[in-house]
Structure formats: C-alpha cells, structure tokens
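Subject: A structure for you to explore

Hi there,

Here is the structure I promised to pass on to you. Please open it next to this email and look up the residues as you read.

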Amino acid sequence: MKDNEQERPDVRSRSKAKAIIVLLSVALVAAAAVWGCSPQASTDEPKSTDTKTESASGAKADDSAVDELAAYSGFPTEGRFVDGVASLPDFYKNAEKNEANAKAEAPRRYTDRNGFTVQPVPSDPVSWNNTYLNADARGCTSCHTLENALMSLPTYHRLIFFGYPTEQSYQNCIACHSDSYSGIKLADIIHTTHFGSQMFADDNGDCQSCHYINPDTGNFDRWDEVKYNLYKGITDVTADDLEADITYDQTTITPAENRIFKTVKDEPSEWLTDDSKVDQSIFDNWVISIDGDCENPAEMTLPEMVEQFGTVKQVMKMDCTINGVGQATIMQSEVEGIPLSAIIDFAKPKAGANTVSPIGSDGYDYAQMSIDWLLENDAIIVTKMDGEMLPNTQGYPCMIWVNKTSGGNFTKRISNLTFMTKAEEDLDNQLYIGQFTDDKTGEIYSKPNSGILNYPTGVVLSGDEAKTVHLEGFADAWDEPIKKIEYSFDHGATWTVLDTPDNNADNWTYWRMDFTPPAAGAYLLDIRTTSITPEGADRVCQYNTQFMFTVE
C-alpha cells in the first residue's frame, strides 16, 4: 500500500523512557549470563560464615538501601509483600495494562522513498517485540539506509541503487567483504564506525543493536538473520492450508525504472548520470582498442565496429556477483550489440592466447574471461537496451554482457579489448559466478538466490492489495539452472514446491504468486531455492530469503 504517512520519531528516544522499568529484569538476566558463562573456582574448603555475617551486618547497617522500582510498581512501599496482597486489585491490571503497553510500544510505521507504508516489526497483543526485544531499534536499517551509510563514510565507497522498490541491507556487503574476495573484514568496519559514532552513542547503541546474543550458544548472531524466529504476532499458514497460485517464466524484462544503478570507478564529476541527455557524439567518436596477444590489433570507433561486425539482439540477465540473500541487484533486458565472436575472429588471437580483458575507461580491469567462456556464452558489446541507446546510467556508450556470468564482469564504457595468455590454473580467477563465501560459515553465501521485487519487506497492504497479495520475485544462480523454488508460510515447517524443469541458466527465473491471506495480520514468507551444479548435484542456499508483510 502506498501512503503519505510520515515516519514516526526515532524509536530509540522511546526506549530511553522505558529503561528504568526494565532495569531490574535486565540486571537479573545479565547476572545470570555472567554466572552461566564465567568459570567458577572450585574448593574443598567450607564456606566462611564470617562473610555471611559481614554481608548481613552491612545490609542492616545501610539504611539508605532502597528498592528502586518501588515507586513504579504501585505496591505499598513498606512491609512484607505477602501482607500487601489485599492492595493488588486496586492498582494491578491485566487486560488494561497489556492494552496500554501495546499502544505505548506499538511498532513504528513510516513511508519509504518508494511511497510504501512499511512496518518492519509485526504487531502483537502486548507489544512483546518492542518491549522485550527492542525490535524497532535493532537491525541494519533501523536508524539509517544502507545507501546513506555508504555515502556518509569518511572515504569513498562505490554505490549500488536498486530500481526495484525493495530495501537494500547488509546482505549486499557480505560477499564483497569476504576472504574469498576483498579480504576487507566487514566486522572491522562496522564495529569501528559504529562505536566511534556520536549518533550511535546518542541512540544508546550497543552490541545488541546489530546482534542477537544467542542464549543457547552464546554466539553473537546477526539480528536480521534471526529476528523473524523471535518475533511474536506472525500468522502461520501450513502448506496444506495455503491458498496461493504460483507461476514462473524466464522471459520477463525489467522495466526501465527498475534497473539497478552501480557507479563506475572514476571521479563522480565525470559520470554520465542523466538518462534524458544522451550525447550521440560520444557514441560516434568512442574508440575501442583491440590489442594484446593478437595478430590483428586495431583501433575502431563504435560505428566502425557496428559496420564491420554487425549486431545481434538477445534477452540476457545481469546478476551482480555480490547480490546478497534476498537482495535486488539483478535485472533482465533485451540487449543489442556487437558479437564478441566476430571481434575475436577479426583479431586472430596468437597461439596460446586464451583470455580477453575488457577494460573500462575508468580503469576497471579485473573482468578477464577465457575466450572459450566468451564464445560459449554469447558475449556481446552492448550498445542498445530494450530498443533504445544504452542509457548513461548503464555504461553508455557501451558495455559487455555475457550469459551465465555476473555483473562483476560486465565492464562499462569499454576502452580496450586486450587479448592475454594466462596459465591454465589462473584462467578463471577473474570470472565471477557467485562463488564468494560468507566468512561466518565458510560456505558460498547466496548461490542460488531468490528475492521479492515488487515490495519492500515489512510493507503494509490494505484494500484490494490485502485481499489477494500479489508478489513477484526472482530465483537465480548465475551459471547454474534453477531446479525448484520452495515457499513456506509457517517458518519452514511445511513447504509448497514450484518445480522449474528445463531451466536455462542464461536467464533468470521470474515467479509470481497470488496469495489469499486467511485473516488480517502479519505474515512471513520463507523462500528456499535449489540449483543444479555443473556436476549434477543439488545446491541449496545456506540461508532462506525471508519477506514479512502486514495485511489489514
């Protein structure tokens, strides 16, 4: 549902007001945690009675000792508790107290940048989620968007903006900051920037702002990975009771307004960012150097290349190599451009040459791919998208697209096609097909992947949108075909299976669901995706995609 409702004030100011009320319970929990986690010294010596005498004596002598919550509970401040039972009906309430708390701690709602009403935390009868989990004040995007966080860093960071109306979150940081890619530890950056931030301090931020301290293991889990299993107020629907129609295809094209934007490497002042002002002269005069280990090097303008090599048109996907679990760094378009196979034939690679490096005018030079891979996967130098000149924001005047390959290899504003001779063991060291890992588990992070594309998680739907909830999303595994997509509305207890036979890894798998909710309330959709590895084995993503929404 789209709404003009304004965002409520920062929930952290509200959490300050309730701090005294929960002080005692927090102290007890902390004490229990320390006791349970700290090693206890063992001794065969009998415990000294002197300590007990001194403690009792000290307590009796300290007349200033008080019960700090006495003034808040409403109970008589003097005498034994058991002697004051008769006073309880006068002030102690059940339904009235719960209703008052539910109102005072109601989950926040706000209008996002796409105009949708969003409630990230489900409502429950007593507002347990905010009262005892402080849920509105926890998680990666509880106090800022990821986009603004990156732009606010003291040093430059490349940017990704979603075209689809979904929320970008920390999941898009995991692969890039893994040991299997950059080796720049995300935890180091997050912890240092947060604990050095005055805004974080003013918001009473602490470790539990981003983490959940698992009472069973003591591990600091990522809050956003466990929160839906902790929340109350989510309505479960079993697979047997589910009323939903699910279909899929592999031909859906991303509308122009939903394409992703990713920055290039040169200075922002040099970027082409206004798609309404495409300068034809840039295309007419753009020169690509065909060089390196080839017999027929040349420099040609794009019009000369079009005339020499012709053009082809095909539907292709772009799935960014760092596309995190449930994220929307993906799109599919009908692209047109110069077939790289014709350029390779013209260049005549030297004996042993086995690689082409598409280098961008911004210096982007780590997208080397083997000649065999480029030929097998119909690589093209794209100059048009969906029948129009390639937009400025998509790398005008040209970029390379390759089937079964991630957007990390899709160099923009190509200046060189350099032929290279690489050792066999290094042949694919710059081929990105979603192989990066999550350092926490050591497993490939988001392959295969899936996500919802038409709503942000936490969206609030009403009217006709709530009667039949229409969801659209994708499943993809870069170079691997999708075998099946499974859906659960009961926290993974039961699943509805969508088989996808004869799946083509050249294209994404785009699915649509029409779900009839049995009643108003919050619902959680878990999505589990399976792809087929080159060896023929099933690959299941280590994390389910989770999407929550409220209907009213």
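Below is what was found, topic by topic.

Before you start, please note that this is a predicted model, where local features need pLDDT of at least 70 and side-chain atom pairs count only at pLDDT 80 or more, while totals for chains, interfaces and linings use all residues. Residues are numbered from 1 along each chain as its sequence is written, and side-chain values use heavy atoms, with hydrogens and water left out.

**The cores**

A nonpolar core is a set of buried Ala, Val, Leu, Ile, Met, Phe, Trp, Tyr and Cys residues joined through side-chain atoms within 4.5 Å. Buried means under 20% relative accessible area, exposed means over 50%, and partly exposed lies in between (1.4 Å probe, protein chains only). The largest nonpolar core has 44 residues. Ile-288, Leu-340, Ile-343, Ile-381, Ile-400 and Trp-401 have the most contacts inside this core.

Leaving aside neighbours within four places in sequence, Ile-381 is in contact (heavy atoms within 4.5 Å) with residues including Ile-288, Leu-340, Ile-343 and Ile-400. Glu-336 and Gly-337 are also among the contacts of Ile-381.

Helices (H or I, at least four residues) and strands (E, at least two) are DSSP runs, numbered from the N terminus. Two strands pair if DSSP finds at least two bridges between them. In general, strands of a sheet pair through backbone hydrogen bonds, either parallel or antiparallel.

Five strands form an open sheet here, in the order β9-β8-β17-β12-β13, and the pairing is mixed. β9 and β13 (369-370) are the edge strands, each pairing on one side only. Strands β8 (residues 287-292) and β9 (residues 298-301) run antiparallel and are joined by four bridges. Ile-290 has Ala-298 in β9 as its bridge partner, and a hairpin of five residues connects β8 to β9. Strands β12 (residues 355-360) and β17 (residues 414-420) also run antiparallel, with six bridges between them. There, Val-356 has Phe-419 in β17 as its bridge partner.

**Salt bridges**

A salt bridge is a side-chain nitrogen of Lys or Arg within 4 Å of a carboxyl oxygen of Asp or Glu. How many salt bridges does the structure hold? There are 21 salt bridges. Here are some to find:

- Asp-136 and Arg-108 meet through their side chains at 3.8 Å, N to O. This pair links distant parts of the chain, 28 residues apart, and both Asp-136 and Arg-108 are buried.
- Asp-249 and Arg-512 have their closest N and O atoms 2.9 Å apart. Asp-249 is in strand β6 (residues 244-249) and Arg-512 in strand β23 (residues 509-515), 263 residues apart. Arg-512 counts as partly exposed because its relative accessibility is 24%.
- Lys-447 and Asp-479 have their closest N and O atoms 2.7 Å apart. The two sit in distant parts of the chain, 32 residues apart. Lys-447 is buried, with a relative accessible area of 5%, and Asp-479 is buried too, at 16%.
- Arg-222, Glu-225, Asp-438 and Lys-440 are linked in a network of salt bridges.

**Two loop residues**

Is Ile-234 buried or exposed? Ile-234 is buried, because its relative accessible area is 14%. Ile-234 is found in the loop between α12 (223-230) and β6. Ile-234 and Asp-490 are 256 residues apart in sequence, and their C-alpha atoms are 9.0 Å apart in space. Not counting residues up to four places away in sequence, Ile-234 touches residues including Pro-122, His-491 and Met-548.

Asn-544 is in the loop between β25 (538-540) and β26 (545-551). Asn-544 is partly exposed, with a relative accessible area of 29%. The C-alpha atoms of Asn-544 and Ser-488 are separated by 10.0 Å, and these residues are 56 apart along the chain. Not counting residues up to four places away in sequence, Asn-544 touches Val-325, Trp-495, Asp-526, Ile-527 and Arg-528.

Enjoy exploring!

Best wishes
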